[in-house]
Amino acid sequence: MARGILIGGQKGGTGKSLVACNLATMISSQGMDVVLVDCDIQATSYKFWSRRSEKDFDCILERHDVFDIAKFEDTLQQCRINYDVLVVDVGGQDSKHLRAALACDAIDVLLSPIQPSFSDIETLVHLDNLVESAIQFNTELDTYCLVNRCHYNHNVTSRKSALGFIDKHCKNLKSFDQTLTDLIAYRQAFGKGQSVIEFEDVRNGSKRCSAEMQLLYKCLTGRNYKVMT
Ligand SMILES: Nc1ncnc2c1ncn2[C@@H]1O[C@H](COP(=O)(O)OP(=O)(O)O)[C@@H](O)[C@H]1O
Ligand SMILES: [Mg+2]
């Protein structure tokens with residue numbers, strides 16, 4: 001499975017930190033040594049990790065005041081050596097961290113959450129161009145978009161129009177069939193420093209977010225997610 005997972009994109013508020021934190025938590029729950037690298041000045045992923053009582057994976061908060069590309073690449077390479085899986089949240093803009101991480105061969109896969117609205121989807125053209133440049137250096141990089149925050153009634157339409165746009169306008173980005181729905185449990189779990197699996201596990205209600213994240217996990221890793229009891 002991919003050992004270097006980059007969660008990034010040009011738009012803010014698309015769910016990058018939420019996806020990064022859920023994946024880091026889920027992958028570590030499968031017995032792997034995971035490090036989450038937060039490169040966003042808002043430190044959303046780092047704060048999620050700080051809220052977790054059990055530090056079952058490590059988290060590194062990158063500096064923003066000075067950006068040293070060699071140091072950043074070295075951090076990513078060291079993480080890849082020292083951990084089974086490295087999850088990087090680069091934050092929401094065309095940043096130096098995003099460009100450097102895309103081009104670094106410690107990263108195998110880019111997952112870019114995107115909301116199903118045209119003003120968000122059209123930014124994928126720029127991301128596709130960044131990927132085009134990066135793959136000259138990181139030749140094995142695999143790149144995917146993940147349509148997130150779909151209206152619960154409109155998943156199919158959202159996915160179809162996003163897929164259509166990506167097919168037509170993007171040369172490098174592919175799309176996951178799996179989408180995530182806009183559901184309050186995603187926000188509630190995040191606020192508690194829990195993955196949706198942990199959050200929904202102790203509730204008696206719907207486990208819809210867990211089901212979606214497990215399918216995402218399978219798409220990304222090629223492995224079934226095992227719920228630990
Ligand atoms: N599928 C979802 N359902 C409900 N809320 C979501 C979902 N995805 C993201 N959010 C919420 O949207 C906001 C932005 O998400 P965040 O992960 O911080 O975005 P980003 O890191 O891309 O800026 C947060 O309040 C988050 O909890
Ligand atoms: Mg974020």
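**Close-up views of ligand 1 in a predicted model**

**View 1. Polar contacts to ligand 1.** In this predicted model, a polar side-chain atom of Arg-149 lies 2.9 Å from an oxygen atom of ligand 1, a polar contact being a pair of N or O atoms within 3.5 Å. Backbone N or O atoms also approach the ligand, with one of Ser-17 lying 2.9 Å from an oxygen atom of ligand 1 and one of Leu-18 lying 2.9 Å from an oxygen atom of ligand 1. Taken alone, ligand 1 exposes 560 Å², of which the protein buries 83% (Shrake-Rupley method, 1.4 Å probe).

**View 2. The shell around ligand 1.** Among the 14 residues around ligand 1, Gly-13, Lys-16, Leu-18, Asn-148 and Thr-181 come nearest, where a residue is near if one of its heavy atoms lies within 4 Å. The shell residues divide into 3 nonpolar, 7 polar and 4 charged, with Gly counted as polar and Asp, Glu, Lys and Arg as charged.

**View 3. Elements that contribute to the shell.** Helix 1 (16-29) and helix 8 (184-191) are the elements that give two or more residues to the shell around ligand 1, and helix 1 supplies the largest share, 3 residues. Helices (H or I, at least four residues) and strands (E, at least two) are DSSP runs numbered from the N terminus, and the protein chain holds 10 helices and 7 strands.

**Notes.** Residues are numbered from 1 along each chain as its sequence is written, while chains are lettered from A and ligands numbered from 1 in the order in which they are written. Local features need pLDDT of at least 70, side-chain atom pairs count only at pLDDT 80 or more, and totals for chains, interfaces and linings use all residues, while side-chain values use heavy atoms, with hydrogens and water left out.

Note on methods: Polar contact = N/O pair within 3.5 Å; in protein donor to acceptor, adjacent residues only side chain to side chain.
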